Amino acid sequence: MGANGEGKLPIRMSSTGSGRRILHRICGISLAVVAAALLAAANTAPAAAQTAAPAAPVVNDVTPANPDFQQIRIGYVEWKEKSLTLSLSQNPPDDLGVAGALSAIRDNNTTGTFTKQEFHLLVEPAKTLEEALAARQKLIDQGVVAIITDVPADAVLALADADADKAGILFNISAKDERLREEDCRANVFHIQPSHSMLADALAQYLVWKKWPRWFLLTGALPADQEWAEALKRAAGRFGGQIVEERVYSETDTARRTDSGHVQVQRQMPVFTQNAPAHDVVLVADDSEIFGTYVPFRTWDPRPVAGSAGLIPTTWTPNHEQWAGFQMQNRFGVLNTRPMQSLDINAWTAVRMVGDAATKAQSNELAKIREAMLDERFSVAAFKGEKLTIRKWNHQLRQPILLADGFSVVSVSPQEGFLHPNSLLDTMGYDEPETKCSF
Amino acid sequence: MLIKRLALLMCGVAMTATPAAAYTVYISNERDNTVTVLDSTTWEVTDTIKVGQRPRGITVSHDGKWVYVCVGDDDTVEVIDTATNQISHTLPSGPDPELFVLNPEGTMLYVANEDDNLVTVIDLETRTAIVEIPVGVEPEGMGVSPDGKYVVNTSETTNMAHFIDTDTHEIVANVLVDSRPRIAEFKADNSEVWVSAEIGGTVSVIDVASKEITQKITFEIDGVRSEAVQPVGVKITNDGKTAYVALGPANRVAVVDAETYEVKDYLLVGQRVWQLEFTPDEKYLITTNGVSNDISIVDVATNEVIRSVGVGSFPWGVAVSPN
């Protein structure tokens with residue numbers, strides 16, 4: 001079939017070309033991206049907003065392409081202290097997250113050609129709490145209706161508390177800290193990023209479904225790793241797993257690149273993991289990127305690895321293609337020269353939530369957009385096979401979690417057989433009866 | 001094949017007590033790149049046709065001579081000659097075609113290009129793309145009004161039904177519906193178009209004259225969580241009295257009174273039911289069940305699922321010959 005298809009290709013190309021020419025003739029006025037012409041076209045055919053596809057959006061460019069459209073600005077505070085990963089190929093690109101937000105701006109603007117709304121992204125960098133607060137103020141002064149925050153938990157809280165009446169919209173797209181959804185929750189913060197407990201529960205359900213219930217847990221020594229480990233231990237208790245032993249990897253820093261390369265690692269990891277009780281899986285809790293990547297294929301006993309390495313619970317992987325994920329990967333690929341990552345889809349989802357809420361509210365006012373987003377029926381589609389909704393008790397986005405091995409999506413949780421009276425998605429994370437959050 | 005068909009036809013004549021005519025049913029199997037051919041009297045698989053990569057949207061020409069299949073990963077529409085069950089030629093569909101609709105005259109094919117936010121119009125006589133119409137993000141469902149006046153396209157991320165005037169190829173209305181609209185299906189009298197929203201979990205009934213939503217149908221099934229209720233395929237009987245809605249991973253087809261918009265029943269079919277098609281005599285409704293690799297046959301008179309038939313891997317679309 002491939003040969004057949006290729007043989008027809010030139011014909012298809014030329015006919016598509018002539019098709020384009022005809023199209024230009026038919027709706028030449030609206031295709032010419034001139035405001036006056038647009039208005040004229042709108043006058044003759046009021047409902048026919050048949051404009052060309054919006055141009056690739058650019059950060060911090062607020063010049064309206066269509067001045068008669070409602071203008072909607074979305075802010076983004078980008079933490080510039082990027083942590084490196086042990087894996088060279090996984091190191092964060094400079095535009096991680098921002099590229100996802102821009103991709104959603106373009107999707108919003110395609111819809112906007114029909115709803116007469118136009119979206120822009122404003123990005124401010126920050127490295128400290130003070131800079132983050134200054135960035136927030138700068139964005140608000142420019143009239144943003146929502147701010148996406150790719151910042152640590154303390155900065156999320158500071159930004160949230162700078163909004164005295166908590167009537168704004170902040171999207172937390174990176175901090176997994178449980179406390180932001182629990183005792184330190186804020187009514188103006190919406191968590192796109194799943195918490196540690198949601199990720200742990202997603203992984204635990206799958207391991208229990210596989211009937212691999214005995215887990216040997218390797219934990220990093222830094223606070224984020226400890227919290228991740230706590231979530232995995234809690235998940236074991238919830239779903240019938242068993243932590244046969246927890247071992248702490250005491251190093252708290254590491255040089256990512258050394259000339260001796262694999263030689264030492266190959267010898268250290270077996271020693272670190274030897275003499276463990278019988279186990280089915282090695283779980284790694286290493287958010288801090290100190291040792292996790294070095295665990296697979298180097299353990300004393302030959303066992304699969306999951307958690308921070310091996311089978312990883314996440315919101316996205318470049319291999320996700322179900323439920324139109326393929327189309328999302330392609331759209332992202334047209335705008336960028338790298339694959340889409342989890343922070344990108346988190347930012348994409350946040351911008352799309354503003355887009356959907358603005359479409360439903362038919363407004364560019366913060367209060368109306370927020371009201372639409374908190375409506376009982378509000379949901380967002382983000383290539384996970386079902387609607388994503390907001391947990392009313394802590395403003396966490398309810399979502400299926402992908403389990404990825406770097407080459408394919410191994411599974412998507414929740415798993416069959418784990419039941420819940422309201423939503424199966426609420427089998428992951430702290431549920432309403434358990435929450436410490438109150439707004 | 002011709003002989004086989006003649007034989008079946010003769011069988012049909014011999015069994016005049018059973019008025020069911022013999023139709024040929026074509027199922028596109030998304031995963032194994034085949035089209036399964038079945039006979040509607042025996043429900044036996046009579047042939048399996050190897051096609052291009054990722055076949056999804058499928059339709060039969062009004063004279064029954066051609067089967068059109070969107071093969072998305074090959075960026076083309078393949079045309080099967082039903083006399084030989086061989087691929088005869090391809091059509092310039094534009095990139096990643098997923099679903100399409102044939103106009104009532106059978107002269108134009110309207111294709112949704114999921115990756116390019118376009119609807120491509122193909123002249124079947126000259127086999128050329130004559131126009132591309134920019135629509136919302138991820139165009140998917142394509143419905144044509146029986147009078148040929150409008151084509152309605154749904155865009156899955158923009159969440160709209162776009163009304164395209166088939167004379168001018170201009171969009172004349174954009175109707176906001178619920179999340180991930182999948183299918184647009186007109187009533188035979190041109191009065192309404194029904195649009196299913198997979199993630200929103202609803203079917204919007206749009207009045208064609210005013211282009212406004214007049215009804216929103218929701219579905220509640222005991223023991224099935226609301227997230228699993230994902231309406232996709234919609235079919236309405238010619239008399240406009242009964243509609244069938246495929247509910248995806250809820251594994252059920254809803255039977256809806258198309259005059260009162262009340263859901264009358266839920267029929268248990270195979271897993272992840274997406275697309276539906278009647279036999280032309282409306283005696284049977286065929287459903288494609290993607291996850292269980294089979295199709296279910298519903299007896300329309302009794303609303304009973306009378307059997308299921310194994311087909312290829314991930315059955316997606318279904319089309320039935322007119323004769």
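Modeller: By the salt-bridge rule, two salt bridges cross the interface of chain A and chain B. This is a predicted model, where local features need pLDDT of at least 70, side-chain atom pairs count only at pLDDT 80 or more, and totals for chains, interfaces and linings use all residues. Residues are numbered from 1 along each chain as its sequence is written, chains are lettered from A in the order in which they are written, and side-chain values use heavy atoms, with hydrogens and water left out.

Biologist: What makes E138(B) and R331(A) a salt bridge?

Modeller: The rule asks for a side-chain nitrogen of Lys or Arg within 4 Å of a carboxyl oxygen of Asp or Glu. E138(B) and R331(A) come to 2.7 Å, N to O, so the pair meets the rule.

Biologist: How many residues does each chain bring to the contact?

Modeller: Chain A brings 41 and chain B 48, with contact meaning heavy atoms within 4.5 Å.

Biologist: And how much area do the chains bury between them?

Modeller: About 3,900 Å², 54% of it on carbon and sulfur atoms. Buried area is the accessible area (1.4 Å probe) that two parts lose on being put together, summed over both.

Biologist: Why are β18(B) and β19(B) called paired?

Modeller: Strands (E, at least two residues) are DSSP runs, numbered from the N terminus. Two of them pair if DSSP finds at least two bridges between them. β18(B) and β19(B) have six, in the antiparallel sense, so they count as paired. Within that pairing, S204(B) stands opposite K216(B).

Note on methods
Helix = DSSP H or I, 4+ residues; strand = E, 2+ residues; numbered from the N terminus.
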